[in-house]
Amino acid sequence: MLDSSLADHCHLAYFDGSRMVIVADSPAWANRLRFSMDTLLSQLRQYSNKFHALSKIEVTVRPQLHEPPQVEVVERVISVKSAQYIEECAETIEDPALKQALQRLAKRQS
């Protein structure tokens with residue numbers, strides 16, 4: 001009934017004989033479906049008797065959920081010389097939490 005490009009982005013969510021709900025995966029596809037609603041309704045009624053009582057087609061939008069792309073985690077390393085400078089700096093720090101953080105950072109040398 002729907003052209004293939006539109007059918008790829010819409011699916012039937014509910015039908016009770018007189019009311020049909022179609023879900024589109026974006027507002028753009030929902031609007032495109034709404035523009036062809038009269039044609040779709042008449043085609044459905046001609047297609048089968050079970051759509052004869054169909055009086056209302058609603059269109060809602062529910063975006064498809066895509067898995068976020070996998071991000072490669074790269075461990076950061078610093079040069080030996082930088083690690084030595086950070087270690088020297090850590091020795092002069094009085095705050096124990098900051099001192100420990102700098103020491104952990106210094107251990108990330110290449």
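What volume does the largest pocket have? About 150 Å³. A pocket here is an open set of points on a 1 Å grid over the protein atoms alone, with protein on both sides within 12 Å along at least five of seven lines. Points join across faces, edges and corners, and the volume is the space filled by probe spheres set on them; the probe is 1.4 Å.

Some ground rules. This is a predicted model, where local features need pLDDT of at least 70, side-chain atom pairs count only at pLDDT 80 or more, and totals for chains, interfaces and linings use all residues. Residues are numbered from 1 along each chain as its sequence is written, and side-chain values use heavy atoms, without hydrogens or water.

Strand E1 (10-15) gives the most, three residues. Strands are DSSP runs of E, at least two residues; helices are runs of H or I, at least four.

Now the largest nonpolar core. That means buried Ala, Val, Leu, Ile, Met, Phe, Trp, Tyr and Cys joined through side-chain atoms within 4.5 Å, with buried being under 20% relative accessible area by a 1.4 Å probe, protein chains only. This core has 16 residues, and Met20, Ile22, Leu33, Leu44, Leu54 and Ile57 touch the most other members. Helix H3 supplies the largest share, four residues.

Take Leu54. Leaving out residues up to four places away in sequence, Leu54 touches partners including Phe15, Met20, Leu41 and Leu44. Contact is heavy atoms within 4.5 Å. Another core of five residues lies apart, with Ala83 and Leu102 among them.

Definitions and conventions: 1 Å grid on protein atoms, 1.4 Å probe; cavity = no way out; pocket = protein on both sides within 12 Å on 5 of 7 lines; lining within 4 Å. Buried < 20%, exposed > 50% of the residue type's maximum accessible area, 1.4 Å probe, protein only.
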